[in-house]
Amino acid sequence: MEKKKVAIIGVTGSVGQEFVQSLNDHPWFEVTQIAASERSAGKNYLEAIRNEGGIIMWDVGGEIPEYIKSMTVRKVDDLDTSQLDLVFSAVESQAAIDIETKMAAELPVVSTSSAYRYEDDVPILIPGINDEQAELLETQKKNRNWKGFVAPLPNCTTTGLAITLKPLLEKYGAKKVMMTSMQAISGGGKSGVSAMGITDNIIPYIPKEEGKVRLETRKILGKLINGKIEDADIRISCTCTRVPVIDGHTESVFVETTKEINPEMAKETYNQSNKDSSVIGLPSAPKDYYAFHEDPTRPQPRMERTVGDGMTTTIGRVEKEELFDNGLKYMLFSHNKKMGSAKGAVLLAEMLYKKGKI
Ligand SMILES: NC(=O)c1ccc[n+]([C@@H]2O[C@H](COP(=O)([O-])OP(=O)(O)OC[C@H]3O[C@@H](n4cnc5c(N)ncnc54)[C@H](OP(=O)(O)O)[C@@H]3O)[C@@H](O)[C@H]2O)c1
């Protein structure tokens with residue numbers, strides 16, 4: 001099988017580096033072009049990620065893959081779209097608006113940015129959760145007269161919440177959700193959080209994050225009806241905080257359900273969802289989509305972040321919630337740079353490829 005030729009835009013950044021790793025020796029996709037800002041353009045990859053002090057700023061575990069080391073980083077305008085089948089975009093949202101618009105006119109774009117997430121004809125996709133909303137991409141192509149499309153993932157804080165709520169919503173209904181996040185430093189990107197600011201500290205505010213989580217969760221858990229997404233009817237309150245953890249977001253969740261639920265029923269529901277998962281068999285899918293723990297000391301970022309190579313969502317501390325007639329409280333862990341961005345985007349591209357959209 002001839003591999004699809006792909007480009008990574010934002011390849012030098014925190015998420016871009018994870019893309020480099022996630023696409024190393026990929027069975028279906030081959031990275032043939034890479035791009036970043038003017039600052040990096042024209043340099044080979046190693047030079048582009050070297051800082052002013054001469055240090056190579058490789059943030060991902062393991063060695064830098066050989067295939068990327070001497071590849072030249074281009075300006076976005078210098079990408080040869082005629083030689084590409086797919087673009088992965090990992091740039092901040094303001095720059096992403098122009099970049100993704102230009103690329104989608106020609107090619108499918110799978111994005112980790114928020115540039116297009118809130119448009120009516122753009123689904124926010126989590127592979128394994130709302131695959132059926134991918135049909136909206138056809139409407140998007142027609143509406144905009146594009147050859148390609150933009151398929152964004154959610155914000156990395158939404159990912160774990162939507163993933164854990166979906167099976168509960170389907171079986172028990174979900175009326176109200178209250179969530180407090182403890183988000184990793186790497187979620188802010190390579191220049192997002194200063195070491196002085198986060199060491200021995202908790203930052204109780206992340207700009208725009210809470211609004212994103214509310215909007216995105218309702219959209220992802222909504223239904224595609226007559227070419228439009230009808231948001232799920234769930235009230236969501238959240239508080240997003242940054243904590244001194246390198247990778248992986250932990251969230252404390254309270255959910256009020258329509259029907260009676262208890263931890264044993266939740267465990268069975270997640271176990272069944274593991275068996276029914278639509279991503280089983282895709283190259284980047286984990287063995288278990290969900291890990292359910294009865295040990296009250298889980299989830300812990302240091303223990304969970306390597307499970308399923310960061311693609312498994314962990315659930316623990318599951319208890320019946322006394323505040324509601326029916327409901328649960330639990331804690332979750334989701335890896336912001338794996339399932340929550342780069343490798344999740346690769347899994348999304350695999351799902352779209354399987355559906356014949358790439
Ligand atoms: N970090 C996470 O956990 C996470 C999770 C989910 C989603 N996201 C989203 O993913 C995107 C990337 O985040 P990040 O954390 O990787 O950011 P980052 O570390 O700041 O990296 C940004 C990347 O974009 C490039 N870039 C900036 N302006 C550009 C332009 N005008 N044209 C082309 N390339 C440009 C940068 O290139 P230079 O090196 O040349 O400046 C760098 O490669 C953001 O939209 C973010 O919200 C991040």
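The ligand lies between two domains, because domain 1 (4–153 + 342–354) and domain 2 (157–334) both give residues to the shell around it. Domain bounds here come from an automatic or database domain assignment.

Before going on, two notes on how to read the numbers. This is a predicted model, so local features need pLDDT of at least 70 and side-chain atom pairs count only at pLDDT 80 or more, while totals for chains, interfaces and linings use all residues. Residues are numbered from 1 along each chain as its sequence is written.

**Around the ligand**

Let's stay with the ligand for a moment. The shell around the ligand has 33 residues, and Gly 10, Gly 13, Val 15, Ser 113 and Gly 189 come nearest. A residue counts as near a molecule or strand if its C-beta atom, placed from the backbone, lies within 6 Å of it. Which helices each supply at least two residues of this shell? They are α1 and α4 (93–104), and α4 gives the largest share, with 4 residues. Helices (H or I, at least four residues) and strands (E, at least two) are DSSP runs, numbered from the N terminus. Sorted by class, the shell has 12 nonpolar, 17 polar and 4 charged residues. For these classes, Ala, Val, Leu, Ile, Met, Phe, Trp, Tyr, Cys and Pro count as nonpolar, Asp, Glu, Lys and Arg as charged, and the others, Gly among them, as polar.

**Where the domains touch**

The C-alpha centres of domain 1 and domain 2 lie 24 Å apart. Across the boundary, 30 residues of domain 1 are in contact with 26 residues of domain 2; contact means that the C-beta atoms of two residues, placed from the backbone, lie within 7 Å. On the domain 1 side, α1 (14–22), α5 (136–144) and α11 (342–354) each supply at least two of the touching residues. α11 gives the most to that side, with 7 residues. By class, the side of domain 1 that touches domain 2 has 12 nonpolar, 10 polar and 8 charged residues.

**How some helices pack**

Two packed helices are described by the angle between their axes and the distance between the axes. The axes are lines fitted to C-alpha atoms, for helices over the stretch in contact, and angles run from 0 to 180 degrees between N-to-C directions.

| Helix pair | Axis distance | Angle |
|---|---|---|
| α1 and α11 | within 8 Å | roughly 50° |
| α6 (156–172) and α9 (263–276) | within 10 Å | roughly 110° |
| α6 and α8 (209–220) | 9 Å | about 40° |

Angles under 35 degrees count as roughly parallel, over 145 as roughly antiparallel, 65 to 115 as roughly perpendicular and the rest as oblique. The crossing of α1 and α11 is right-handed; a crossing is right-handed if the near helix is turned clockwise from the far one by less than a right angle, and left-handed if anticlockwise. What does α1 bring to this contact? Val 15, Glu 18, Phe 19 and Ser 22 of α1 meet Ala 342, Lys 343 and Val 346 of α11. That contact has 4 nonpolar, 1 polar and 2 charged residues.

Now for α6, which crosses α9 at roughly 110°, so α6 is roughly perpendicular to α9. α6 passes α9 in a right-handed crossing. From α6 come Pro 167, Leu 168 and Lys 171, and they meet Ala 266, Thr 269, Tyr 270 and Ser 273 in α9. By class, this contact has 4 nonpolar, 2 polar and 1 charged residues.

α6 and α8 are oblique to each other, and their crossing is right-handed. α6 contributes Thr 157, Thr 158, Leu 161 and Ala 162, while α8 contributes Glu 209, Lys 212, Val 213, Glu 216, Thr 217 and Ile 220. The contact of α6 with α8 has 4 nonpolar, 3 polar and 3 charged residues.

**Two backbone details**

Most residues other than glycine have a negative phi, and most peptide bonds are trans. The peptide bond from Arg 298 to Pro 299 is cis, with omega near 5°. Pro 299 sits in the loop between β12 (290–292) and α10 (301–304). Asn 145 has a positive phi, near 55°, and is found in the loop between α5 and β6 (149–152).
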